[in-house]
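Let's take a walk through this model, beginning at the ligand and then moving out to a few spots in the backbone. Keep the structure open as you read.

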Amino acid sequence: MGGEGRIRYMMPVTIPELYRKKAAGERIAMLTAYDFPFAQMADEAGIDVILVGDSLGVVVQGLDNTLPVSMEEMLYHTRMVARAVKNALVIGDMPFLSYQTSVRDGIMNAGLFLKAGASAVKLEGGSSVCGLIEALSRSDIPVMAHIGLTPQSIHRMGGFKVQGKGDAAVEKLMADARAVQDAGAFAVVIEGVPRQAAKLVTAELSIPTIGIGAGPDCDGQVLVMHDLLGMFDRFVPKFVKRYANIKADAVKAITKYKKEVQSGKFPSDKESFH
Ligand code: KIV
């Protein structure tokens with residue numbers, strides 16, 4: 001039976017599929033999305049994992065950091081994304097203070113992400129959040145952990161600074177990685193660490209590692225949609241690669257529209273009813 005003429009359906013990405021990819025050495029592509037059209041584009045492009053990241057506070061809301069983002073806002077965006085996605089695994093990012101207060105709060109808020117259409121949640125922290133990761137795993141709420149540079153710890157870190165530099169910091173990173181894996185996390189984001197440190201952790205763990213600013217040796221990569229598309233230019237971290245320049249293109253298009261309105265070129269007869 002040849003494959004020719006047969007329709008190939010994309011299978012929805014599941015957590016077991018991510019494990020399979022790690023075992024097979026197939027890299028995982030993860031991207032953030034915050035609303036229907038962008039989630040649809042990511043999904044149609046075949047992205048494996050779509051994260052409704054609390055980075056929306058910075059790239060959508062114009063805040064300086066992610067700390068003010070609320071559960072209500074995250075659920076609002078998660079619903080839009082979930083409505084658009086047919087294949088990717090959708091993960092809701094738990095905002096600051098939605099899980100730090102107690103395990104009960106963490107379970108209740110994580111559960112709301114699943115009710116909003118996500119299949120898993122992501123939360124920041126290593127050994128310190130293992131009790132919650134265990135409780136969520138027992139409640140069948142899959143958890144992606146996030147270690148290294150954790151943006152919700154900006155004040156403790158003294159800014160968005162590369163973590164995992166030096167022997168002691170690498171040991172701490174490794175201990176956090178092992179701890180979240182043992183607690184039941186199905187994957188872990190490693191952010192803002194030297195590539196050698198991320199490589200060591202990736203070799204050590206049986207769960208997939210997803211890097212951002214962590215070099216090429218992780219099992220997958222994640223970027224913020226607005227960075228990848230060139231829609232956010234307040235600051236551009238070193239680890240970002242721009243694959244398009246949507247902001248410049250959009251400003252050009254809107255300027256053209258404005259000029260055509262002013263000159264009377266738009267709307268023409270073609271765009272008019274008769
Ligand atoms: O909030 C976010 O978008 C993230 C990713 C960059 C990992 O945490």
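Start with the residues around the ligand: Thr32, Leu51, Gly53, Asp54, Ser55, Asp93, Lys122, His146, Ile212, Val222 and Val224. Bear in mind that this is a predicted model. Sorted by class, that shell holds four nonpolar, four polar and three charged residues.

Asp54 has a side-chain N or O atom 2.9 Å from an oxygen atom of the ligand. For Asp93, a side-chain N or O atom sits 3.0 Å from a ligand oxygen. How much of the ligand does the protein bury? On its own the ligand would expose 260 Å², and the protein buries 95% of that.

Next, the backbone has some details to look at. Go to the segment after helix H11 (246–263), where you'll find Pro267. The peptide bond between Phe266 and Pro267 is cis, with omega at about -5°.

Then look at phi. Leu97, in the loop between strand E3 (89–93) and helix H5 (103–115), isn't a glycine, yet its phi is positive, near 75°. Asp140 also has a positive phi, near 60°, and isn't a glycine either. You'll find Asp140 in the loop between helix H6 (130–138) and strand E5 (143–148). Is Asp140 buried or exposed? Its relative accessible area is 66%, and exposed means over 50%, so Asp140 counts as exposed.

Notes
Residues are numbered from 1 along each chain as its sequence is written. This is a predicted model: local features need pLDDT of at least 70, side-chain atom pairs count only at pLDDT 80 or more; totals for chains, interfaces and linings use all residues. Side-chain values use heavy atoms; hydrogens and water are left out. A residue is near a molecule or strand if one of its heavy atoms lies within 4 Å of it. A polar contact is a pair of N or O atoms within 3.5 Å; within protein, one must be able to donate a hydrogen and the other to accept it, and residues adjacent in sequence count only if both atoms are side-chain atoms. Accessible areas come from the Shrake-Rupley method with a 1.4 Å probe; for residues, only the protein chains shown count as cover. Ala, Val, Leu, Ile, Met, Phe, Trp, Tyr, Cys and Pro count as nonpolar, Asp, Glu, Lys and Arg as charged, and the others, Gly among them, as polar. Helices (H or I, at least four residues) and strands (E, at least two) are DSSP runs, numbered from the N terminus. Buried means under 20% relative accessible area, exposed over 50%, partly exposed in between (1.4 Å probe, protein chains only).
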